[in-house]
Amino acid sequence: MKREVSFKNRKGIILRGFVHEPKRYNTAIIFCHGFPSSSIGDNAKRTAKTFEKLDYLVLRFSFSGSPPSNGKFENKLMSQESREIKYAIDFLTKNYSFKNLILYGHSTGAIDVSLYAYKDKRITKVILGSAVGNLKQAVHYDFTNEQINSFLKKGYIIYNRPGKWVNKKRLNKKFYNEFFKLDVISAIKKLKRPLLIIHGEKDEAVPARKDPKELYKIANKPKKLVIIKGADHSFTKPFHWRKVVKEIQKFINT
């Protein structure tokens with residue numbers, strides 16, 4: 001069963017999403033979407049539906065500024081998104097009973113999870129999908145040279161993605177600035193929870209040869225790195241997605 005839910009962040013901005021409730025469950029998963037995506041994006045919906053069928057309670061929610069949540073897209077910050085995870089956990093723990101809590105972030109959502117997870121003892125295990133390590137290098141994964149020049153000269157960019165919800169949306173330079181201030185590596189070094197890093201071998205956005213391996217190297221045990229052969233950034237092909245699901249189930253159940 002899918003239930004629409006909402007809760008507020010520390011600024012009082014309403015965050016919206018969906019809880020997928022199987023008839024029986026012991027474990028909850030909170031899924032944190034990438035950028036610029038949302039809880040109503042294909043990846044979030046596929047993740048929630050898949051794991052609901054496997055008897056996991058799943059919360060997929062949108063960070064502020066992403067639909068259907070409130071807030072302005074132009075004011076987005078990764079630091080704010082990472083803080084919003086706390087309120088998602090607060091909501092889920094207040095309204096549902098479960099034994100284990102898995103925090104799962106994909107792409108930029110994995111950055112948010114990395115920055116937050118070590119702070120919250122309620123989290124049982126952590127999953128980073130298509131994750132970034134060094135943000136100073138990763139700024140070139142998310143933005144073209146033309147966009148970076150626009151940030152520097154104008155103080156903002158405007159997206160040109162016809163047919164997408166983000167089309168014509170403005171994003172302020174503060175989002176870009178955080179790539180040089182936020183430290184994913186230091187946060188992962190502080191994490192004392194079992195960690196799964198899962199990445200596509202043919203990831204076109206975040207190179208598999210570098211970022212996941214750097215994260216794995218500095219992470220504390222227990223930890224596991226899985227590279228899905230031939231898979232892209234979002235594990236688009238059903239065959240690759242089935243492998244991802246199998247690895248996540250194995251990680252959760254051990």
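## The central sheet

In this predicted model, eight strands make up an open sheet with mixed pairing, arranged in the order E1-E2-E4-E3-E5-E6-E9-E10.

Strands of a sheet pair through backbone hydrogen bonds, in either a parallel or an antiparallel manner. Helix H1 (residues 42–53) lies across E2, E3, E4 and strand E5 (100–106), and it runs at about 170 degrees to E4.

## The nonpolar cores

The largest nonpolar core contains 55 residues, and those with the most contacts inside it are Ile30, Phe61, Leu92, Leu103, Leu128, Phe143 and Leu171. Helix H2 supplies the largest share of this core, namely six residues. A second, separate core has 22 residues, including Ala48, Ile198, Phe235 and Val245.

Phe61 illustrates the surroundings of a core residue. When residues up to four places away in sequence are not counted, Phe61 touches several others, among them Phe7, Leu15, Ile30, Phe31, Ile85 and Ala88.

## Helix H4 and its buried side

In helix H4 (residues 135–142), Leu135, Ala138 and Val139 are buried. These three residues are on the same side of H4, because they cover an arc of only 125 degrees around the axis. An α-helix has 3.6 residues a turn, so residues three or four places apart point the same way. The buried residues of H4 are covered by elements that include helix H2 (78–95), helix H3 (108–116), helix H6 (173–177) and helix H7 (184–190).

At the start of H4, a side-chain oxygen of Asn134 comes to within 2.9 Å of the backbone nitrogen of Lys136.

## Two residues compared

Ser79 lies in helix H2, whereas Asn26 is located in the loop between strand E2 (14–20) and strand E3 (27–32). Ser79 counts as buried because its relative accessibility is 13%, under the 20% cut-off. Asn26 has a relative accessible area of 46% and is therefore partly exposed.

Leaving aside neighbours within four places in sequence, Ser79 is in contact with Glu178 and Leu182. With neighbours left aside in this way, Asn26 is in contact with Phe98, Lys99 and Asn100. Asn26 and Gln249 are 223 residues apart along the chain, and their C-alpha atoms are separated by 13 Å.

Most residues other than glycine have a negative phi, and most peptide bonds are trans. Ser130 is not a glycine, yet has a positive phi of about 50 degrees. Ser130 is placed in the loop between strand E6 (125–129) and H4, and counts as buried at 0% relative accessibility. Phe235, also not a glycine, has a positive phi of about 50 degrees. Phe235 is in the loop between E10 and helix H9 (238–253) and is buried, with a relative accessible area of 1%.

The peptide bond from Pro67 to Pro68 is cis, with omega near 5 degrees, and Pro68 is in the loop between E4 and H2. The bond from Lys221 to Pro222 is likewise a cis peptide bond, with omega near 0 degrees. Pro222 belongs to the loop between helix H8 (211–218) and E10.

Conventions:
Residues numbered from 1 in each chain as written. Predicted model: local features only at pLDDT ≥ 70, side-chain atom pairs only at ≥ 80, totals over all residues. Heavy atoms only, no water. Helix = DSSP H or I, 4+ residues; strand = E, 2+ residues; numbered from the N terminus. Buried < 20%, exposed > 50% of the residue type's maximum accessible area, 1.4 Å probe, protein only. Contact = heavy atoms within 4.5 Å. Arc of directions from axis to C-beta. Polar contact = N/O pair within 3.5 Å; in protein donor to acceptor, adjacent residues only side chain to side chain. Core = buried A, V, L, I, M, F, W, Y, C linked by side-chain atoms within 4.5 Å. Pairing = 2+ DSSP bridges. Axes fitted to C-alpha atoms, helices over the stretch in contact; angles between N-to-C directions.
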